Amino acid sequence: MADRNTTGYEDTYTESQVILTAVKIIAPFTLTYGMFMTLHGADTPGGSFQGGAIIGVTVLMLAFAFGIEPTRQWLKNSVLVGLVAGGVAIFVGVGLATIALGGAFLEYRLFDTVLGIPDGTKWGMEAIEVGGIALIVAGVVITLFFATAAGFTPQRRRSRPERETNDRTEVSDDD
């Protein structure tokens, strides 16, 4: 059992040259593959959801290799919020644009018929797939990973036993 003055948990990050080298070699390929799937999301099997997930997992792979905290500092929260908020804004913006053109939400054919954009349906779907879904999925995957990892930082572990001690004292005084 852990001593009260120590957390009982130690940072488990260990720098491994094998993992660092493997990630340095693999990460550019997985990022390229994720971007390929994202850009072909509306036309080919796969799609931007899977592409966004692969892009997000590439960042997770970097975090496992180089450490979670340095990766979190490199990829600031404002960037992640910008990814998710930008994706939602593009998705809602395209949907509301079709309503403004007199159609239903995400009625892409109006870009072709009303605005005269050739292949308007295709470009509307591309905007949703590439600009909307991929950004949202990549941002959410990375954000959930960092949020989960934040629950296991040494600072948070130190604060938990103090609260438990205070809670126990209050309960025993009331009884």
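How far apart are the end C-alpha atoms of H6, and what span should its 31 residues have at 1.5 Å a residue? The end C-alpha atoms of H6 are 43 Å apart, which agrees with the 45 Å that the 31 residues should span at 1.5 Å a residue; the expected span of a helix is taken as 1.5 Å times one less than its number of residues. The structure is a predicted model, in which local features need pLDDT of at least 70 and side-chain atom pairs count only at pLDDT 80 or more, while totals for chains, interfaces and linings use all residues. Residues are numbered from 1 along each chain as its sequence is written, and side-chain values use heavy atoms, with hydrogens and water left out.

The secondary structure comprises seven helices and zero strands, and the pattern along the sequence is α-α-α-α-α-α-α. Helices (H or I, at least four residues) and strands (E, at least two) are DSSP runs, numbered from the N terminus. Of the 175 residues, 29% count as buried; buried means under 20% relative accessible area, exposed over 50%, and partly exposed in between, with a 1.4 Å probe and protein chains only. The accessible surface comes to about 11,200 Å², and 65% of this surface belongs to carbon and sulfur atoms. Accessible areas come from the Shrake-Rupley method with a 1.4 Å probe, and for residues only the protein chains shown count as cover. Among contacts (heavy atoms within 4.5 Å) between residues at least 6 apart in sequence, 60% join residues at least 24 apart.

Helix H2 has 19 residues and reaches 27 Å from its first C-alpha to its last, close to the expected 27 Å. The buried residues of H2 are Ser48, Gly51, Gly52, Ile55, Gly56, Thr58, Val59, Leu60, Ala63 and Ala65. Their cover includes helix H1 (17–39), helix H3 (68–74) and H6. Methionine 61 also lies in H2 and is partly exposed, with a relative accessible area of 22%. Apart from its neighbours within four places in sequence, methionine 61 is in contact with Val23, Ile26, Ala27 and Thr30. H2 is followed by glycine 67, which has a positive phi near 105 degrees.

Helix H6 bends by about 25 degrees at isoleucine 133, the bend at a residue being the angle between axes fitted to the seven residues ending there and the seven starting there. Leucine 135, in H6, is partly exposed at a relative accessible area of 27%. Lysine 122 lies over the face of tryptophan 123, at 4.4 Å from the ring centre. A charge sits over a ring if NZ of Lys or CZ of Arg is within 6 Å of the ring centre and within 35 degrees of the ring normal.

Three aromatic pairs are present in the structure. Phenylalanine 64 and phenylalanine 145 form an edge-to-face pair, at 5.3 Å centre to centre and with 70 degrees between the planes. Phenylalanine 64 lies in helix H2 (residues 48–66) and phenylalanine 145 in helix H6 (residues 120–150), so this pair ties together parts 81 residues apart in sequence. The rings of phenylalanine 145 and phenylalanine 146 have centres 5.7 Å apart and planes at 50 degrees, so this pair is tilted. Rings of Phe, Tyr and Trp (its six-membered ring) pair if their centres lie within 6.5 Å; planes under 30 degrees apart count as stacked, over 60 as edge-to-face and the rest as tilted. Ring pairs link Phe64, Phe145 and Phe146 into a cluster. Phenylalanine 64 is exposed at 54% relative accessibility, whereas phenylalanine 145 and phenylalanine 146 are both buried, phenylalanine 145 at 13%.

Positive phi values also occur in loops. Leucine 106, in the loop between helix H4 (77–100) and helix H5 (109–113), has a phi near 65 degrees and is partly exposed at 21% relative accessibility. Aspartate 119, in the loop between H5 and H6, has a positive phi of about 55 degrees although it is not a glycine. Aspartate 119 is exposed, with a relative accessible area of 51%.
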